[in-house]
Amino acid sequence: MKEKINQILVEAKEKLSTIDSLKLLNDFRVEFLGKSGKVTGLLKGMKDVAPELRPQVGQAVNGLRVEIEALVGEVEANLKAQETALRFKNEAIDISLPGKAPELGTLHPITLVKNLLIDAFSSLGFQIYEGPEIETDKNNFQMLNIPEDHPARDMQDTFYITESILLRTHTSPGQVHVMTSTQPPIKVMCPGRVYRSDDDATHSPIFHQIEGLVVDKNISLCDLKGSLEEILKHVFGPQIKTRLRPSYFPFTEPSVEIDVSCFECGGKGCKLCKGTGWIEVLGAGMVNKNVLQNCGIDPEVYTGYAFGIGLERIAMLKYHIPDIRMFFDNDLRFVKQFK
Ligand code: PHE
C-alpha cells in the first residue's frame, strides 16, 4: 500500500509538471482527487488492509490527498498569474498615444448675440414672445400704422405669398400679437427670423431681429433710453455712451435711431465708425397712439416704447464680420472661430 501511495505521488508530480492550462489542471483534479479518482480509489482498497494497519494507512492516504491538493493549488496560482500577465500584455493600452478628442460643436454667432441679448433683457424683466414667420399684411403693416399703398412700405421690400399673406419683414407684428391678446403692463421681447427682398454685403433676404415692447402707465422716452443703454453696455462694454437721433417709423412717434459711441476708438473716429465716433445700432420710439388704439389699448391711459434690433448688425460690429452672407454660408471654418 505504501508503495502504491508513493507511486501515485510520483505520478501526480510528474503529470503536474507538464500541465500548462487551467483546463488540463481540472482534468488532473478529476483524475486524482475526483469521486472515482486515484486517491479515492486507494481508500476503496482499504478493505484489503489488515485492520490494525488501517489507521496508519488511512493517515498516509489523507496525507497524500493533502499534498496533492497543495501542489494543485500551487500550479493553479501559477497558471492564473500567467494568464493575467498574458491578458495585460495582449490588452495593453499605450497611454502615451494622443487621444481622439471628440469634436465639440460651437454656437453660431447669431445665436451667441441672441442669447446675450435675451439674458440682458430677461434680467430687466422682459418676457419672451415668439410669433409666426408667415404673417398677414394686416399684422405686419396695417395694424402698425402702415396702410396699403403707404409709401412707408417701400422701407421694407417684401416677399408676398399671396396678396394678403407675406413673410414678416420685421418682428414688429409680435407687438400686435401681444397687445391684442393682453392688457398692460406689457414687457416683452420677440426674437425671430425676418425676411426682405434685399441681398448685398450688409443685407440678407433672411436675417434676425429682437423686438422689444414696453407698455404701461407713465412710460416715457427716458425709460427707453435708460433700458437700452443698460443693454447696449452689456453687449459692447460698460464704457460706451448712447445717443438718440430723430428718425421715422410709422409705428412709433417720436421715432429715434440709437447710436453707441464707437467701442473701437472710444469715439475719436476710426474705420469702424467711419470717422464719426458713433455707430448706429437700432431703431426705436414711443409706440404710436394709432397702434395702441388699433390693438385695443387706451392711449389716454397707457404709453409705451418699442425697439427693433438687427442681430446680424450687432454680430458684425461685435465680431468684426465684414459680410453678412458669411452668417449663412455654413462654412465650419467661420463658425468654429466663435468658441
Ligand atoms: N421694425 C423696425 C424695422 O425693422 C424697427 C423698429 C422696431 C423701429 C420697433 C421702432 C420700433 O426697421
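Where does Pro185 lie? Here are my notes, point by point; bear in mind that this is a predicted model.

1. Pro185 sits in the loop between α7 (173-181) and β4 (186-195).

2. Pro254 is part of strand β7. For background, most peptide bonds are trans.

3. On to the helix pair. Helix α5 (residues 109-123) and helix α8 (residues 221-236) have axes that come within 10 Å and cross at roughly 140°. The two are therefore oblique to each other, given that the antiparallel label is kept for angles over 145 degrees. As for handedness, the α5/α8 crossing is right-handed. On the α5 side the contact is made by Leu116, Leu117, Ala120 and Phe121, and on the α8 side by Leu228, Ile231, His234 and Val235. By type, the residues of this contact split into seven nonpolar, one polar and no charged.

4. Ser227 is also in helix α8. With a relative accessible area of 18%, Ser227 counts as buried, because the cut-off is under 20%. Leaving aside residues up to four places away in sequence, Ser227 touches Leu124 and Tyr305.

5. Now the largest nonpolar core, which has 44 residues; Leu117, Phe121, Phe236, Val281, Leu282 and Phe307 are the ones touching the most other members. Elements that each supply at least two residues of this core include α5, α8, β5 (206-216), β7 (252-261), β8 (278-287) and β9 (303-310). Apart from it lies another core, of 23 residues, including Val178, Val291, Leu292 and Tyr302.

6. Last, a couple of backbone angles. Most residues other than glycine have a negative phi. Asn145, though not a glycine, has a positive phi of about 70°; it's in the loop between α6 (137-140) and β3 (165-167) and is partly exposed, at a relative accessible area of 21%. Asn330 likewise has a positive phi, near 60°. Its place is the loop between α10 and α11, and Asn330 is exposed, with a relative accessible area of 65%.

Definitions and conventions: Residues are numbered from 1 along each chain as its sequence is written. This is a predicted model: local features need pLDDT of at least 70, side-chain atom pairs count only at pLDDT 80 or more; totals for chains, interfaces and linings use all residues. Side-chain values use heavy atoms; hydrogens and water are left out. Axes are lines fitted to C-alpha atoms, for helices over the stretch in contact, and angles run from 0 to 180 degrees between N-to-C directions. Helices (H or I, at least four residues) and strands (E, at least two) are DSSP runs, numbered from the N terminus. Angles under 35 degrees count as roughly parallel, over 145 as roughly antiparallel, 65 to 115 as roughly perpendicular and the rest as oblique. A crossing is left-handed if the near helix is turned anticlockwise from the far one by less than a right angle, and right-handed if clockwise. Contact means heavy atoms within 4.5 Å. Ala, Val, Leu, Ile, Met, Phe, Trp, Tyr, Cys and Pro count as nonpolar, Asp, Glu, Lys and Arg as charged, and the others, Gly among them, as polar. Buried means under 20% relative accessible area, exposed over 50%, partly exposed in between (1.4 Å probe, protein chains only). A nonpolar core is a set of buried Ala, Val, Leu, Ile, Met, Phe, Trp, Tyr and Cys residues joined through side-chain atoms within 4.5 Å.
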